[in-house]
Structures are given as structure tokens and as C-alpha cells.
Amino acid sequence: MGKTSAALGHGPCVLLILLLLSLPMCARMPEKPGYTGEQVERGRKIYRKSCAQCHGTTLANGLFGAPLKGEYFREQWRGRPVAALHAVAQYTMPPEAPASLSTAEIADVLALILAENGLAPGENELPAEIEPLGRMILIW
Ligand code: HEC
């Protein structure tokens, strides 16, 4: 399979194919990430207080922080588990006080980020625990 893909010679397509092929191996039972509207509103309050000064009011117009919305951001995280995004946000953000937010607060902010990137809400809130987040793959 790898040989066929390499023979195509189209870098991005090959990467996408390899990614799709490897998904079932990385996560036994990949799930679609979900969140609720209520959670997004909680996340918005936390975001305004702790993240907006760097990442911007729209999540993509920050002077200091990387964009958390848009094609570039989605490209960075496509195919990866939500757990990875949660870990980065939890343990590196905000830079002056890493891990100062609870895992649930970070999950709420992630709900906002998923919503702003066009992911549809689900019936349940986005969990705050690494285990279920590890099964949820960012397909966008
Ligand atoms: C003092 C400014 C500042 C604050 C406040 C801040 N960030 Fe960041 N953030 C950054 C910078 C700068 C980067 C880029 C770091 C890098 O690439 O090494 C970043 C990167 C990130 C990333 C990784 C983006 C990517 O695609 O790799 C995430 C996720 C993130 N921040 C989430 C948050 C969240 C959630 C909050 C609020 C709890 C927050 N940040 C608060 C400055 C900030």
C-alpha cells in the first residue's frame, strides 16, 4: 500500500491517504468529537478571560497567539485525537500560568474551538478525561 501511495507523487494526497489508512490502527474505535451549546457558552466566558488577549476576539485575530480557527489550524490538528489538543492547551496555556485551568475548563474552551471550526454539536458534552478524548479524532 505504501509503495502505491508513494508512486502517486502528489505530496498532500499521499499524506492524506497514509493518514486515512493509519487511522484505524491509531485508534481502535475512533469517535466523532461532540459538545453541547451550553458548554460552548461556558467555554466562551473562559476564553474571553484567559485566552482572547493573545488569540484574539475571533480566535484568529490574535497579535501574539497562533490562530485557533481556520484552515491552517485545522490542517495542524487534522486526524489527531482531541486528547492531544487538550494536552497542549492544558499543559502549555496560558504561557504565563500553564495548567492553571482545570481539565473541565479546558474541555469547555475546546468545545468553543470545535464549534468555531465548524464541527457539529452532539448530544453529550466534550469530556474532560484523556481516555475518551483519545478516541475522538479531529476529522475536519
Ligand atoms: C500570553 C499569550 C497567550 C495566552 C494568554 C494564551 N495563549 Fe495559547 N498560544 C500562545 C502562543 C504564542 C502560541 C504559539 C506557541 C507555539 O507555537 O509554540 C499559542 C498556542 C496555542 C495552541 C496551539 C495551537 C497550534 O495549532 O499549535 C493552543 C491550542 C492554545 N494556544 C490554546 C490556548 C488557550 C485555550 C488559552 C486560554 C486558556 C490560551 N491559549 C492562552 C499565546 C497565548
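Predicted model: local features only at pLDDT ≥ 70, side-chain atom pairs only at ≥ 80, totals over all residues.
Residues are numbered from 1 along each chain as its sequence is written.

Let's start with the big picture. The protein has eight helices and zero strands, and reading along the sequence gives the pattern α-α-α-α-α-α-α-α. Helices here are DSSP runs of H or I with at least four residues, strands are runs of E with at least two, and both are numbered from the N terminus. Of the 140 residues in the protein, 25% are buried. A residue is called buried if 20 or more other C-beta atoms lie within 10 Å of its own, exposed if 12 or fewer do, and partly exposed in between, with C-beta atoms placed from the backbone. As for contacts, two residues make one if their C-beta atoms, placed from the backbone, lie within 7 Å. Among the contacts with a separation of 6 or more, 66% are between residues 24 or more positions apart.

Now look at how two of the helices meet. Two packed helices are described by the angle between their axes and the distance between the axes. Helix H3 (residues 37-50) packs against helix H7 (residues 103-116) at an angle of about 105°, and their axes are 7 Å apart. These axes are lines fitted to C-alpha atoms, for helices over the stretch in contact, and the angles run from 0 to 180 degrees between N-to-C directions. H3 and H7 are therefore roughly perpendicular to each other; the labels are roughly parallel for angles under 35 degrees, roughly antiparallel over 145, roughly perpendicular from 65 to 115, and oblique for the rest. On the H3 side, the meeting residues are Gln 39, Val 40, Arg 42, Gly 43, Arg 44, Ile 46 and Tyr 47, and on the H7 side they are Glu 105, Asp 108, Val 109, Ala 111, Leu 112 and Ala 115. By class, that contact has seven nonpolar, two polar and four charged residues. In this scheme Ala, Val, Leu, Ile, Met, Phe, Trp, Tyr, Cys and Pro count as nonpolar, Asp, Glu, Lys and Arg as charged, and the others, Gly among them, as polar.

Arg 42 sits in helix H3 and counts as partly exposed, with 18 C-beta neighbours inside 10 Å.

Next comes H6. Which residues of H6 are buried? They are Val 82, Ala 83, Leu 85, His 86, Ala 89 and Gln 90. Seen down the axis of H6, these buried residues fall within an arc of 160°, so they line one face of the helix; the arc is that of the directions from the helix axis to the C-beta atoms. The cover over the buried residues of H6 includes H5, H7 and helix H8 (130-135). On the face turned away from the buried side, H6 carries the exposed residues Val 88, Tyr 91 and Thr 92.

H6 also leads us to the ligand. Of the 20 residues around the ligand, Cys 51, Cys 54, Gly 65, Met 93 and Pro 94 come nearest; a residue is near a molecule or strand if its C-beta atom, placed from the backbone, lies within 6 Å of it. Helix H4 (52-55), helix H5 (71-77) and helix H6 (82-92) are the elements that give two or more residues to this shell. The shell divides into 14 nonpolar residues, five polar and one charged.

Most residues other than glycine have a negative phi, and most peptide bonds are trans. Met 93 and Pro 94, however, are joined by a cis peptide bond, with omega about -20°, and Pro 94 lies in the loop between H6 and H7. Ala 99 is in the loop between H6 and H7, and has a positive phi near 65°. Leu 59, in the loop between H4 and H5, has a positive phi near 75°. Leu 59 is buried, with 20 other C-beta atoms within 10 Å, whereas Ala 99 is partly exposed, with 13.
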